[in-house]
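Please examine the sequence and the structure shown here.

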Amino acid sequence: MAAAEGVSLNHISRESSDIRRLANFYQQILGFEEVESPNFGDFKVIWLRLPSSSVYIHLIERDPTTSLPEGPWSANSPVADPKNLPRGHHICFSVSNFNSFIATLKEKGIETFQRSLPNGKIKQVFFFDPDGNGLEVASREEDS
């Protein structure tokens with residue numbers, strides 16, 4: 001038996017030196033809405049919620065004194081090729097309009113890598129947000 005009971009995902013956080021740019025990306029590409037965010041005083045945050053769901057992303061202003069890398073782009077040898085994302089760190093969202101979503105990514109000049117699950121029932125597209133965080137968007141099985 002697990003130590004935790006009634007577990008559910010509360011939120012995903014992303015640290016960024018430009019939380020407004022990142023918020024705009026998640027709003028324009030995935031349809032997140034900005035929700036009320038607390039005032040922490042010494043740093044800014046933007047909280048986003050996916051409409052009609054309980055998926056939240058908390059964008060947190062980067063602490064310039066930290067030694068943590070700021071996303072994959074700041075790594076010593078950044079790998080900006082979305083072909084590597086299926087086996088790398090990423091967050092996945094499902095959409096019901098997969099083909100038109102792909103067209104929107106192309107219109108916005110976002111580099112992608114597409115494939116399907118081995119059974120061919122789910123289509124996948126992999127890409128990066130402006131800070132280099134890996135994202136996947138998958139079709140729903142009934143929409144493929």
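The report below treats the model first, then its strands, and then its salt bridges.

## Basis of the model

This is a predicted model, in which local features need pLDDT of at least 70 and side-chain atom pairs count only at pLDDT 80 or more, while totals for chains, interfaces and linings use all residues. Residues are numbered from 1 along each chain as its sequence is written, and side-chain values use heavy atoms, with hydrogens and water left out.

Four strands form an open sheet with mixed pairing, in the order β1-β4-β3-β2. Strands are DSSP runs of E with at least two residues, helices are runs of H or I with at least four, and both are numbered from the N terminus. Two strands count as paired if DSSP finds at least two bridges between them. Strands β1 (12–16) and β2 (33–35) stand at the edges with a single partner strand each, so one side of each is left without a neighbour in the sheet. From one strand to the next, the twist averages 30 degrees; axes are lines fitted to C-alpha atoms, for helices over the stretch in contact, and angles run from 0 to 180 degrees between N-to-C directions.

Within this sheet, β3 (residues 45–49) and β4 (residues 56–61) pair in the antiparallel sense over five bridges. Leu48 has Ile57 in β4 as its bridge partner. Helix α1 (residues 19–30) packs on the sheet and touches β1, β2, β3 and β4; its direction makes about 5 degrees with that of β3. Contact here means heavy atoms within 4.5 Å.

Strand β8 (residues 134–139) is mostly covered, with six of its six residues buried. Buried denotes under 20% relative accessible area, exposed over 50%, and partly exposed the range in between (1.4 Å probe, protein chains only). Gly134, Glu136 and Ala138 point one way from β8, whereas Leu135, Val137 and Ser139 point the other way.

Strand β5 (residues 91–95) pairs with β8 in the parallel sense over five bridges, and Cys92 has Glu136 as its bridge partner in β8. Strand β7 (residues 123–128) pairs with β8 in the antiparallel sense, also over five bridges; there, Gln124 stands opposite Ala138. The hairpin of β7 and β8 has five residues between the strands, and in it Gly132 takes a positive phi near 90 degrees.

## Salt bridges

A salt bridge is a side-chain nitrogen of Lys or Arg within 4 Å of a carboxyl oxygen of Asp or Glu, and by this rule the count comes to five. Among them is the pair of Arg62 and Glu15, whose closest N and O atoms are 2.9 Å apart. Arg62 lies in the loop between β4 and β5 and Glu15 in strand β1, so the pair ties together parts that are 47 residues apart in sequence. Arg62 is buried at 18% relative accessibility, and Glu15 is partly exposed at 28%.

Arg21 forms a salt bridge with Asp131, with the closest N and O atoms 2.1 Å apart. Because Arg21 lies in helix α1 and Asp131 in the loop between β7 and β8, this pair ties together parts that are 110 residues apart in sequence. Arg21 is partly exposed at 36% relative accessibility, whereas Asp131 is buried at 6%. A further salt bridge joins Arg49 and Glu33, the closest N and O atoms being 3.6 Å apart.
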